[in-house]
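I opened my notebook to look up a few things in this structure. I go from the whole chain to single residues.

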Amino acid sequence: MQKLIEVLNKAKEKDANFNRIFGSMCTVPHEMARKAYEMFIETNLGDYELFKGTKELEEKAIQWIAKLFHAPSSYAGLLTSGGTESNITALWIFKKLSGKNEVVLPKQAHFSFIKASSLLDLKLNVIECKYRMNASDVKKHISSSTSCVVAIAGNTPFGYVDEIEEIAEICSEENIFLHVDAAFGGFIIPFISNKLIDFRAKISSICVDAHKMGMACIPCGFLLLKEKKWLEEIRVRSRCTHTRFQASLLGTRPGAAAAGAYAVMHYLGYKGYETIAKKCMENTAYMIKLLDREGIKYVEPELNLIAIKTKNVGMMVDKLSKLNWYVGADEENGIIRIVIMPHVSKEMINKFVSDLKKVME
Ligand SMILES: Cc1ncc(COP(=O)(O)O)c(C=O)c1O
């Protein structure tokens, strides 16, 4: 056993340390999440008849999220493995409900929609837009083949929020489903902005990842649907579990993720998340001040994500990784992505900007 532990420790040593990671939308999970996760490590929500207590925690975690996003009483929620599964599931349901196979979405949509399109045989009608998708463009792209529109609350390259309230009005008028991908923005926008990204706007579904700013353990995301009955579209009879029906993409699902999310949500509460969100925004503003001082160009951030402009993304990322800094590379947009997650401190920012300046010279 001791030998194996040594092997595990050696493997861990090769992993990047979060105090050098600037390009990830994940962070170090909260201690409370970690503790709960360990307690429920063996539980399977794919067979929740066996794990009734864990199922209750999942339901309570979903209720917490539903309250945050002002879900109507008709809602249904799913705990998923993250944004990818949530996005695929939403598009799967809307394809079945609409009987149509075209999805309107912005160029900055996450690549999980490419996976969804391949799996579900969907045609992606991509809207060209620089930073965010606006409502008038959506109107022009909707057709009789449109199954649903996808709007992003905190897009992956820039952290920008699409015109969700206005897009929701259009989708409602046209009787088309609107899925909001708040995988990244879901745990920050409600705490720092008045923008309506939730069910108070006329949206059909929303996904949010607790394993990003929610401080839960990987894998943990949520999908909320406006109508519980929509889940019937993906409900199947299970013949090998004690639980007779499943309505989720995954079969076996980690109860530990639900316990972790439940615990950290109730430990931190809305106030605790607000404090974390504000700290991330304060650190984002701090980094911007340093970048300005050094004359480094960036796209004005809306959330805790800074897109630094550069002509040579590959070379910059290579040079930074030689210095042990890990940033996001986005050649298509000519940017390196810096995500100011909860693990990022001012001290880390000082060291990073000093090295960034050197590699940019
Ligand atoms: C906007 C958005 N959607 C979806 C995803 C996919 O989430 P996951 O990696 O948890 O599947 C991400 C991940 O960064 C994201 O930023």
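Buried residues make up 54% of the 361 residues in the protein. I keep in mind that this is a predicted model.

Next I looked up the surface. The protein exposes about 16,800 Å². Carbon and sulfur atoms supply 52% of that area.

Then I checked the overall dimensions. The C-alpha trace spans about 60 × 60 × 35 Å along its principal axes. For 361 residues, a compact globule would have a radius of gyration near 21 Å. The protein has 21 Å, so the two agree.

I noted 11 helices and 13 strands.

What share of the contacts with a separation of 6 or more joins residues 24 or more positions apart? I found 73%.

Met1, Ile5 and Leu8 make a nonpolar patch of about 360 Å². I picked out isoleucine 5, which sits in helix α1, residues 2–14. Its relative accessibility is 34%.

My last entry is on glutamate 163. Where is glutamate 163 placed? I found it in the loop between β4 (146–152) and α7 (164–174). Glutamate 163 has a relative accessible area of 29%, so I list it as partly exposed. Leaving out residues up to four places away in sequence, glutamate 163 touches Met133, Asn134 and Ala135. I also looked up its distance to isoleucine 152.

Note on methods
Residues are numbered from 1 along each chain as its sequence is written. This is a predicted model: local features need pLDDT of at least 70, side-chain atom pairs count only at pLDDT 80 or more; totals for chains, interfaces and linings use all residues. Side-chain values use heavy atoms; hydrogens and water are left out. Helices (H or I, at least four residues) and strands (E, at least two) are DSSP runs, numbered from the N terminus. Buried means under 20% relative accessible area, exposed over 50%, partly exposed in between (1.4 Å probe, protein chains only). Contact means heavy atoms within 4.5 Å. Patches are made of residues with over 30% relative accessible area and no salt bridge: like charges are joined within 9 Å, nonpolar side chains (Val, Leu, Ile, Met, Phe, Trp, Tyr) within 5 Å. Accessible areas come from the Shrake-Rupley method with a 1.4 Å probe; for residues, only the protein chains shown count as cover. A salt bridge is a side-chain nitrogen of Lys or Arg within 4 Å of a carboxyl oxygen of Asp or Glu. The radius of gyration is taken over C-alpha atoms; the globule rule is 2.2 Å times the number of residues to the power 0.38.
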